[in-house]
Amino acid sequence: MRTIVIAIDGPAASGKSTTGRLVARRLGYLHIDTGAMYRAVTLRALEEKLPLEDADRISALAEKTQLRLEKGDNGVRVFVDGREVTQQVRSAQVTRSVSAVSSYQRVRNVLVREQRRMADGGGVVLEGRDIGTVVLPNADLKIFMIANVPQRVERRKKDLEIAGVDVDSVTLEQEIRERDRLDSTREASPLRKASDAIEVDTSGMSIEEQVDFVVARAKEIIEGGGK
Ligand code: CDP
């Protein structure tokens, strides 16, 4: 049977990661959370105490860091230079700093090369901000996921509570809006919908509905044999 490449893009907490993971599971595909890769480089930059404005040193660090993503029971496990950093990459400090690090073209070059390598051969679901536009413009299925801000805040609050972190909704909303602003206005591969992407507004949808929708579109392509 034909295996395809699925690209899911969208802003923070729009439902990409959960959908990506479950779609990959349903199809028996590999799930690649590219945000986790930008987060891992950001964590390393913070550990090295590099100023976030220092594009050269952060880029050099990205070029020499070994990243590895592994499938875990509840999402992706992240390793840098052989050390597991799955929890650390979700910290508030990394979340606040990641948009700066991911705005550097050299950082993106390193990670995009790796993402394309992992996607080679198909049978993959990649999610991020620029998958359908820059990383894999020929992806067979492109989904652009959005949701209204109150729902995104609510979802992120629940995720954090599960991780034992209590953050108030006002702060979360500010952070989400700021990250949207930075991610969509940067020069290098800004967040935007590819012209041939299907927009899915997940505001009123359950996780199961989101997953069913994407799997149904994927099956049409797989079984239909065309795009
Ligand atoms: O999970 P969440 O929606 O909070 O974000 P993420 O997918 O983990 O991505 C974290 C950050 O990495 C984003 O805010 C972007 O700045 C950056 N990113 C990117 O620039 N390009 C991607 N393909 C994926 C993430």
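The following legends describe close-up views of a predicted model. Local features require pLDDT of at least 70 and side-chain atom pairs pLDDT 80 or more, while totals for chains, interfaces and linings use all residues. Residues are numbered from 1 along each chain as its sequence is written, and side-chain values use heavy atoms, with hydrogens and water left out.

View 1. Helices (H or I, at least four residues) and strands (E, at least two) are DSSP runs, numbered from the N terminus. Within H3 (residues 55–64), Ile58, Ser59, Leu61 and Ala62 are buried (under 20% relative accessible area; exposed is over 50% and partly exposed in between, for a 1.4 Å probe and protein chains only). These four lie on the same side of H3 because they cover an arc of only 160° around the axis, taken from the directions from the helix axis to the C-beta atoms. Asp56 and Lys64 are exposed on the other side of H3. Helices H2 (34–47), H4 (92–101) and H5 (105–119) are the elements against which the buried residues of H3 pack.

View 2. Thr42 belongs to helix H2 and counts as buried because its relative accessibility is 0%. Apart from residues up to four places away in sequence, Thr42 touches Val94, Ser97, Val98 and Val101, contact meaning heavy atoms within 4.5 Å. Val94, Thr95, Ser97, Val98, Ser99 and Val101 are the buried residues of H4. Their cover includes H2, H3, H5 and helix H8 (169–185).

**View 3. The surroundings of Asp33.** Asp33 is located in strand S2 and is buried, its relative accessible area being 6%. Beyond its neighbours within four places in sequence, Asp33 is in contact with Ser17, Leu69, Val76, Arg90 and Glu127. Ser17 is 16 residues from Asp33 along the chain, yet their C-alpha atoms are separated by 6.8 Å. The side chains of Asp33 and Arg90 form a polar contact (3.3 Å), that is, a pair of N or O atoms within 3.5 Å; within protein, one must be able to donate a hydrogen and the other to accept it, and residues adjacent in sequence count only if both atoms are side-chain atoms. A polar atom of the Asp33 side chain also lies 3.1 Å from the backbone nitrogen of Gly35.
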